[in-house]
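Here is my note on the model you sent. Please read the points with the structure open beside you.

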Amino acid sequence: MNGKKQILDVQHIHMRFNSKGVCVRAVADVSFTVDEGETIGIVGESGCGKTTLGRCIVRAYEPSEGEVFYTAGDGEKVNFTRIDAKTMKKYRKEIQMIFQDPYSSLDPRMTVYDIIREPLAANFPRMPKAEMDRRIMDIAARVGLNTSYLMRYPHAFSGGQRQRIGIARALVLNPRVIVCDESVSALDVSIQAQVINLLHDLQKELNLTYLFISHDLSVVEYISDKVGVMYLGKLVEYAPTRELYSHPLHPYTESLLSAVPVADPEVQMERIPLEGEIPNPASPPGGCYFHTRCRYCTRQCEQAAPEYRELAPDHFVACHRAEELMLKGFQYE
Ligand code: SF4
């Protein structure tokens, strides 16, 4: 036990979509736990299932199999996958999402005041206007919005400011968990840094727990306590951030890390290109899903799916050869 309180327990989540008689496995048997106040980064190429996983956790999607347990503020452990929509509404304000695109996720016909007020009015219809105004002003100031501009429309704001509006809208309900889905990907690098620092400060102030979904390994390294790597719907590696970045145990993680730009000109990283395309999730390859692109592939890899196991404390991996391969990661000072 690490003395921290577990807030999410994701157990064997599967999500399948059926379209025109074809079954696509977007998420396949993903399990992990999250402690209160932690940030978990989920990385992987586009289409690996990370967004679908986030949506299963907030129950925007009903998972095909598996369970998501949430420990509520009063300590009660709630099985999100077993409660009805009405009961879920009670918990939905505690788990919010911040979306990727600040341009399309805000209604252009609503003022910023109304955008932030909307979730409050939906969840607390009897809240007096003065109390609502106080909460809106408070949260707008916390996220760094100029409160005298709240009657303006989203088009009057820059990308970074719009993302701050999205963050204010998510925070106004006093959530405990926030799923950030590519929340800074659409922003310029300097604005990204400001928004990430804001998320970091808010986390410390409000004891927030983040699930940070991104394809950008630099951003994830900066903000996350632990990182999960997804490939073709499966979690192939999961570990504390420094451990995963310095001692990757899965060849896919090694390849992703080798593509991260390093600011230090003294540090030379050998680029390990990923060969071929991601296989079609409607007909994934047999054996290890990664074997068609893995430079360490053996016959065993083609024939048998590797078990997802804990190889070092808190370091999980699904690779037959994890013990013998000496994979390259970041070299920290
Ligand atoms: Fe590569 Fe084999 Fe490990 Fe899969 S199980 S990642 S193919 S070495």
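**Notes on the ligand site and the sheets**

1. The space that the ligand takes up is the largest cavity. This is a predicted model, so please keep the confidence values of point 3 at hand.

2. Next, the shell. Around the ligand stand His250, Pro251, Cys288, Phe290, His291, Cys294, Tyr296, Cys301, Cys319, His320 and Arg321. By class, seven of the shell residues are nonpolar, three are polar and one is charged. Cysteines in the shell include Cys288 and Cys294. Histidines there include His250 and His291.

3. Confidence. The mean pLDDT of the chain is 92. A score of at least 70 is reached by 97% of the residues. Among the elements, strand S10 (residues 234-240) has the highest mean, 98. Helix H2 (residues 85-92) has the lowest, 87.

4. The four-stranded sheet. This sheet is open, and its strands pair antiparallel in the order S2-S1-S4-S5. Strand S2 (22-35) and strand S5 (77-79) are the edges; each has a single partner strand, so one side of each has no neighbour in the sheet. On average, neighbouring strands here are turned by 20° against each other, direction ignored.

5. Strand S1 (residues 6-19) runs antiparallel to strand S4 (residues 65-71), with five bridges between them. Gln11 faces Glu67 of S4 across this pairing. As background, strands of a sheet pair through backbone hydrogen bonds.

6. A parallel pair. Strand S7 (residues 177-181) and strand S8 (residues 209-213) run parallel and are joined by five bridges. Cys180 has Phe212 in S8 as its bridge partner.

7. The hairpin. Which two strands form a hairpin with two residues between them? They are S11 and S12. Strand S11 (residues 309-312) and strand S12 (residues 315-317) pair antiparallel over three bridges. Ala312 stands opposite His315 in S12. In the turn, Asp314 has a positive phi of about 65°.

Terms used. Residues are numbered from 1 along each chain as its sequence is written. This is a predicted model: local features need pLDDT of at least 70, side-chain atom pairs count only at pLDDT 80 or more; totals for chains, interfaces and linings use all residues. Side-chain values use heavy atoms; hydrogens and water are left out. A residue is near a molecule or strand if one of its heavy atoms lies within 4 Å of it. On a 1 Å grid over the protein atoms alone, a cavity is a set of points where a 1.4 Å probe fits but cannot get out, and a pocket is an open set with protein on both sides within 12 Å along at least five of seven lines; lining residues have an atom within 4 Å of a point. A molecule sits in a cavity or pocket if more than half of its atoms lie within 2 Å of its grid points. Ala, Val, Leu, Ile, Met, Phe, Trp, Tyr, Cys and Pro count as nonpolar, Asp, Glu, Lys and Arg as charged, and the others, Gly among them, as polar. pLDDT is the predictor's confidence in each residue, from 0 to 100. Two strands pair if DSSP finds at least two bridges between them. Axes are lines fitted to C-alpha atoms, for helices over the stretch in contact, and angles run from 0 to 180 degrees between N-to-C directions.
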